[in-house]
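Please read this short report alongside the sequence and the coordinates.

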Amino acid sequence: MTETIKTDVLIVGAGPCGLFAVFELGLLDVKAHLVDILDKVGGQCAELYPEKPIYDIPGVPMITGHGLTEALMEQIKPFSPTFHLNEMIETVEKIGDPEFRVTTNAGTVFECKVLVVAAGGGSFQPKRPPVPGVEAYEGKSVHYAVRKMEDFRGKDILIVGGGDSALDWTLNLNPICKSMTLVHRRDDFRGAPHSVEQMRQLVASGKLDLKIGQITELQGDNGQLASATIKLNDNSVAQIKCDAMLPFFGLTMKLGPVANWGLQLENNLIPVDTGTFETNVPGIFAIGDINTYPGKLKLILSGFHEGALMAQKAVKYVYPDKRVVFQYTTSSTNLQKKLGVN
């Protein structure tokens with residue numbers, strides 16, 4: 001029989017918001033375990049754009065998704081959180097006031113006073129392009145995310161899509177690839193205007209081949225692409241040499257088992273009280289992209305704010321008889337001791 005893991009707080013999701021919640025809880029002597037369906041910490045930052053620059057973290061002019069994840073992991077070291085990766089929460093049972101018994105798809109059982117849902121948009125997977133046989137190339141020469149830019153150095157790259165991801169990687173990978181073709185179904189792009197302008201400058205200078213049409217066929221052996229057939233909007237056909245394809249058709253978000261936890265939902269998001277970020281179920285909180293409230297902005301910095309306020313309410317469930325005094329890390333020797341500051 002699986003031994004039950006007892007913890008103060010269980011955090012569902014190990015993305016930036018979940019990681020920073022560990023810090024805010026730790027300052028209040030609240031211990032946390034984290035569960036994530038991915039095989040690594042960092043959430044979408046680590047999974048979808050580890051090397052993509054992020055420019056709106058306060059006080060940090062530029063940092064990559066991987067860099068932000070590493071910095072957050074370093075920041076929460078003093079609180080020794082425990083991670084359970086490659087697992088998904090399946091059931092949540094209320095057993096106290098509040099207290100929850102939580103079970104994962106791997107059979108891990110937790111008992112906690114507080115449950116924090118920091119699962120982004122839920123579980124997510126990239127949308128496949130409507131091209132016959134694309135599955136045979138996935139993971140070898142068709143990639144839905146860029147883990148390491150160096151993997152694409154010196155290659156003939158085919159990028160498909162017209163949004164921010166397609167344009168960002170067109171601009172970021174262009175300097176290191178051998179050749180690049182961007183394919184979009186129309187000559188109208190959804191990405192940021194500045195990115196569109198930069199992309200058109202690459203086309204004008206001959207560094208990027210822009211094709212308006214749709215991919216109809218892929219050629220190659222043993223999972224390795226050799227070329228792609230494109231039906232252009234004027235009904236002509238083009239054959240493009242490529243050994244790597246990056247399709248960016250967006251993500252399919254699935255709320256998954258969260259929908260069965262008894263939480264109030266609004267358009268697949270979880271409404272919260274903006275003073276505490278608590279849901280309609282006492283003891284269950286939601287922070288980050290998965291929650292909704294008037295004025296909500298889906299920004300990492302907003303999720304950090306939500307985690308800080310969540311912790312102030314969560315500590316009252318964990319230590320109901322303890323008087324909590326608000327302290328600043330800059331001036332509190334008690335907090336600095338917890339952080340290992342000399």
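This is a predicted model: local features need pLDDT of at least 70, side-chain atom pairs count only at pLDDT 80 or more; totals for chains, interfaces and linings use all residues.

Residues are numbered from 1 along each chain as its sequence is written, and side-chain values use heavy atoms, with hydrogens and water left out.

**The sheet**

Six strands form an open sheet in the order S14-S13-S12-S11-S10-S15, and their pairing is mixed. Strands here are DSSP runs of E with at least two residues, numbered from the N terminus, and two of them pair if DSSP finds at least two bridges between them. Strand S14 (237-241) and strand S15 (244-247) each have a single partner strand and stand at the edges, so one side of each is left without a neighbour in the sheet. From one strand to the next, the twist averages 35 degrees, with axes taken as lines fitted to C-alpha atoms and angles running from 0 to 180 degrees between N-to-C directions.

| Strands | Direction | Bridges | Residue pair |
|---|---|---|---|
| S10 (156-160) and S11 (179-184) | parallel | five | Ile159 and Leu182 |
| S12 (209-221) and S13 (224-232) | antiparallel | eight | Gln219 and Ser227 |
| S13 and S14 | antiparallel | five | Lys231 and Val237 |

The hairpin of S12 and S13 has two residues between the strands, and Asn222 takes a positive phi near 55 degrees there. In the hairpin of S13 and S14, which has four residues between the strands, Asn235 takes a positive phi near 75 degrees.

**Two annotated residues**

The unreviewed UniProt entry carries a "binding site" annotation that includes Asp36 and Ile89; such positions are given in the numbering used here, feature names are shortened, and annotations may be inferred rather than shown by experiment.

Asp36 belongs to strand S2 (residues 32-36) and counts as buried because its relative accessibility is 7%, the term meaning under 20% relative accessible area with a 1.4 Å probe and protein chains only. Beyond its neighbours within four places in sequence, Asp36 is in contact (heavy atoms within 4.5 Å) with residues including Gly13, Ala14, His84 and Glu87. A polar atom of the Asp36 side chain lies 2.6 Å from the backbone nitrogen of Ala14.

Ile89 lies in strand S6 (residues 89-96) and, at 3% relative accessibility, also counts as buried. Its contacts, again leaving aside neighbours within four places in sequence, include Leu10, Val35, Thr103, Pro257 and Trp261.

Technical notes: Buried means under 20% relative accessible area, exposed over 50%, partly exposed in between (1.4 Å probe, protein chains only). A polar contact is a pair of N or O atoms within 3.5 Å; within protein, one must be able to donate a hydrogen and the other to accept it, and residues adjacent in sequence count only if both atoms are side-chain atoms.
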